[in-house]
Amino acid sequence: MSKATGYIHDIAYPAHFHREIQPLWLGTMARFLGSAAPALSGSYSWCELGCGVGINLLIAAATDPQVQFVGVDFNEQHLAVARSAAEFIGLSNIRFIRADFGSFARDNNLYFDVIVSHGVWSWIDPAQQQAVLQLVQQFLKPRGLFYLHYMSHPGASQMLSLQKLLLELSRGQQGSSAQKLETGLALLAQMDEAGAFHDQPRLRTGLQTLRQQNLAYLAHDLLAEHWQPQHSADMHRRVSQAGPVYLGSADPFENIDNLSIPGNLQPLLAQQRSMAVRETFKDVARQQHQRRDLFQRSPARLSPAEQVQGMDSIGFCLLPGAAAAGPLSFETPIGAIEGPSAIFTPLLAALNSGPVSFAELRTLPAFAGQLGLLSQSLLMLLWAGHVHPVAATSPAATPQLQRLVQWIGQQKLALQLVPECATAVHVEL
Ligand SMILES: C[S@@+](CC[C@H](N)C(=O)[O-])C[C@H]1O[C@@H](n2cnc3c(N)ncnc32)[C@H](O)[C@@H]1O
């Protein structure tokens, strides 16, 4: 653990790919949310704060060579992996900068169209959080997007005391953070067997899931000194003081209020006018435990006609393993939602013959005069991993892409690259 920041340094965080922070995904979400997204094609600049071993940047940089990518992290062990991968793959559009966020905010002179940070905010101390906001305030260009992931109340609140117990237990111990965590998890398992959590079934299930996860990942997750879930309303206020305003979630399902909130709560939600109340209401209704929030500096809100025009050019395609026809059953955080065949079969059939634009999908008889239904159905297919936006220009089969596939194989990462969508999908090894 670093004495200065209270964040773990002694073991490396494993590579984790998040489709939600990829450029094409974020640009598409901004358009679904009714905002004029920055033109995320051609040459623009992208920064990930707390990039770890850089897997998200490596995939983005190899699939879009015109864009300049910057990854910032203070862990040299992580950046050594990231840099040697970039060299092996042959990427010249990516830079990894070793710095904590405070030093980066002080020394940086680069401006970015997009700043993203995943798995970082809830684990860092208040001064480092302030530095993240300072970076956003000073270096995010007008119309720029800011993606921020954080742990959220009330879903993550139940972990507060357990995390404190694990942290305090780790202080008096010798060994690596992974070993300390293993001891802590063994204690929690013993407490569980002795009945400590008998009235908290969700917590018990959560603990069982924890025991199956990678110890290095969990040590970063659970042994940070400043671990703290947030209230979304507080986060939105803080970020807006730095400039960008809240657009919505990078998680498509969470943008569909009439599906992601149980039906009997809908009339109560409909009465709420304040955004802070609505977002907190939704967090409570969904037992939200993490958020993937998307903000934009000085967004230009589109009229419905402008929004459709912006959406029309977006192409969509099926991802490996996609369903061929409806009906579909979506396993959502609030339970199973049935997707009728009348909606999903024509949509999947249209996509089956190759990439199809939103404009073309609008002409399907199943969606005649029902743009909202088409948008929601596409969002559900995106969320469930059946469908993805396609890149405006399909990347050439470059040597970099081949070497990225090779590197993913060498690292034994359970990922399959999908270059035409500038993304990767999780697969079984
Ligand atoms: C949990 S990992 C997340 C990595 C990656 N973003 C992901 O989602 O897979 C958090 C990363 O943030 C880095 N980090 C934590 N505090 C930092 C700070 N104050 N300055 C720079 N990097 C930091 C850690 O070294 C680590 O690589």
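Two residues count as in contact if their C-beta atoms, placed from the backbone, lie within 7 Å. Keep that in mind as we walk through this structure, which is a predicted model.

Let's start with helix H9, residues 215-222. Which of its residues are buried? They are Ala-219, His-220, Asp-221 and Leu-222.

Strands in a sheet pair through backbone hydrogen bonds, and the pairing can be parallel or antiparallel. Here you'll find an open sheet of seven strands with mixed pairing, and reading across gives S3-S2-S1-S4-S5-S7-S6. The edges belong to S3 and S6, each of which pairs on one side only. On average, neighbouring strands of this sheet are turned by 20 degrees against each other, direction ignored.

Helix H5 (residues 126-139) packs on this sheet, touching S1, S4 and S5. The direction of H5 makes about 165 degrees with that of S4.

| Strand | Residues |
|---|---|
| S1 | 45-49 |
| S4 | 112-117 |
| S5 | 140-151 |

Which residue in S3 is the bridge partner of Val-70? That's Arg-95.

Finally, the ligand. There are 20 residues around it, and His-16, Gly-50, Gly-52, Asn-75 and Gly-119 come nearest. Sorted by class, the shell around the ligand has 11 polar residues, seven nonpolar ones and two charged ones.

Key: Residues are numbered from 1 along each chain as its sequence is written. This is a predicted model: local features need pLDDT of at least 70, side-chain atom pairs count only at pLDDT 80 or more; totals for chains, interfaces and linings use all residues. A residue is near a molecule or strand if its C-beta atom, placed from the backbone, lies within 6 Å of it. Ala, Val, Leu, Ile, Met, Phe, Trp, Tyr, Cys and Pro count as nonpolar, Asp, Glu, Lys and Arg as charged, and the others, Gly among them, as polar. A residue is buried if 20 or more other C-beta atoms lie within 10 Å of its own, exposed if 12 or fewer, and partly exposed in between; C-beta atoms are placed from the backbone. Helices (H or I, at least four residues) and strands (E, at least two) are DSSP runs, numbered from the N terminus. Two strands pair if DSSP finds at least two bridges between them. Axes are lines fitted to C-alpha atoms, for helices over the stretch in contact, and angles run from 0 to 180 degrees between N-to-C directions.
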